[in-house]
Amino acid sequence: MKKLLAAALLAAGLCGLAGPARAAECGAVSIAEMNWASAGIAAHLDRLILEKGYGCTVTLVAGDTMSTFTSMNEKGEPDLAPEMWVNAVRTPLDKAIAEGRLMQLAPLLSEGGVEGWWIPKFIADDNSDIRTVQDALKHPELFPDPQDPSKAAIHNCPAGWNCQVTTDNLYRALGADKLGFHLVETDSAAGLDGSIADAFEKKTGWLGYYWAPTAILGEYQMVKLSFGVEFDKTEWDSCTAVPACPHPKVNSYPTSDVFTVATKDFAEKAGGAMDYMKVRQWDNGTVAKVLAWMEENNASTEDAAKYFLETFPEIWTPWVAPDIAGKVKAAL
């Protein structure tokens, strides 16, 4: 009887240690909370799942693409960057991966980051002949300049962003000025969003640069137009993305690779949490819906992460084992 009791007590002790042992397997984790909304939501999403599902102790670290990458590459911290737009750091990232310091995990945005020229869906629906930018330029009457309705308008990217350069070069390559289009400069992302919202409110046409995923595309249905040519990287690097390129050619925007990047140390200590990090990804449409909800409700990125977990279980539960999903749901 004493032996049976001792065995039972030992088993109970081991069961009691099982939870902390699993937590210790993951341990302390630092996650980059990048300074734009979708990346902030992703950081809080990972925090919630790693803490509630895997027992990790998570700290969020403020950052942006370049500063976060440099710190991860040189100092090994933070452990994770959920939404790294890797085109901006591709060469040093490849070197860091080859040398074993960093790992490129799941593509967080399954479709990548998307840039281009867009029109409202209601314009596309009413004008089936408009499928390319060149098609749209045949209809200046559909895209009035908000400041001068006698002219047509193409809305530029916010001032100071690289996409302002590419939009200007493509505007000139297309000869849009000769077709009656004025390039409307935009001071900020908020101003660009406001011009789209105004167009939908007035049911007037809008043509210009935009990107995804964003809240505005979650709220308003837009259609990205083709430029009718394949992306030419050589032309892009030598001219399309070069300020005031003297002889720009029509080009397409590249799809931006958006991956989760982890340090080697995290990969070695994370245990089962790495299984989650290797498969976790979502599509741009879902991100846009979450961003739109966040904006409509004046919510935080943490609130938006919880909203995603509560609203889209069919998307995230396949990322984890059933018992992990149960723990996360119970914690919401």
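A residue is called exposed when its relative accessible area is over 50%, and buried when that area is under 20%. The model on display is a predicted one.

**The whole chain**

Begin with the entire chain selected. The chain contains 16 helices and ten strands. Its C-alpha atoms, taken along the principal axes, fill a box of roughly 95 × 40 × 30 Å. The chain has 332 residues, of which 49% count as buried. Consider next the contacts between residues at least 6 apart in sequence: 72% of them join residues at least 24 apart.

Most residues other than glycine have a negative phi, and most peptide bonds are trans.

Select A244, in the loop between α10 and β10 (258–263). Its phi is near 55°, a positive value although the residue is not glycine. Is A244 buried or exposed? Its relative accessible area is 61%, so A244 is exposed.

Move to N298, located in the loop between α13 (284–296) and α14 (301–311). N298 is not a glycine, yet its phi is positive, at about 50°. With a relative accessibility of 74%, N298 also counts as exposed.

**Two cis peptide bonds**

Select E77 and P78 together. The peptide bond from E77 to P78 is cis, and its omega is near 0°. P78 belongs to the loop between α3 (65–75) and β3 (80–85).

Then select A212 and P213. These two residues are joined by a cis peptide bond with an omega of about 10°. P213 lies in the loop between β8 (208–212) and α9 (215–219).

**A buried loop residue**

Select T132, in the loop between α5 (121–126) and α6 (133–137). Its relative accessibility is 19%, and because the limit for a buried residue is under 20%, T132 counts as buried. Which residues does T132 contact, once its neighbours within four places in sequence are left aside? The contacts are with L225 and S226.

**A pair of helices**

Two packed helices are described by the angle between their axes and the distance between the axes. Select helix α7 (residues 162–173) and helix α10 (residues 233–240); their axes come within 11 Å and cross at roughly 100°. This angle makes α7 roughly perpendicular to α10. To see the contact itself, display the side chains of V165, T166, N169 and L170 on α7, and those of W236, C239 and T240 on α10. By class, this contact of α7 with α10 comprises four nonpolar and three polar residues, with no charged residues.

**The largest pocket**

The tour ends at the largest pocket, whose volume is about 1300 Å³. Which residues are the closest to its centre? Select W85, E115, Y209, W211 and S256, which hold that position among the 36 residues of the lining. Next, colour the elements that give two or more residues to the lining of the largest pocket: α2 (37–54), β3, α7, α8 (189–202), β8, α9, α10 and α13. Finally, colour the lining by class, which shows 20 nonpolar, eight polar and eight charged residues.

Technical notes
Residues numbered from 1 in each chain as written. Predicted model: local features only at pLDDT ≥ 70, side-chain atom pairs only at ≥ 80, totals over all residues. Heavy atoms only, no water. Axes fitted to C-alpha atoms, helices over the stretch in contact; angles between N-to-C directions. Helix = DSSP H or I, 4+ residues; strand = E, 2+ residues; numbered from the N terminus. Parallel < 35°, antiparallel > 145°, perpendicular 65-115°, else oblique. Contact = heavy atoms within 4.5 Å. Nonpolar A, V, L, I, M, F, W, Y, C, P; charged D, E, K, R; others polar. Buried < 20%, exposed > 50% of the residue type's maximum accessible area, 1.4 Å probe, protein only. 1 Å grid on protein atoms, 1.4 Å probe; cavity = no way out; pocket = protein on both sides within 12 Å on 5 of 7 lines; lining within 4 Å. Points joined across faces, edges and corners; volume = space filled by probe spheres on them.
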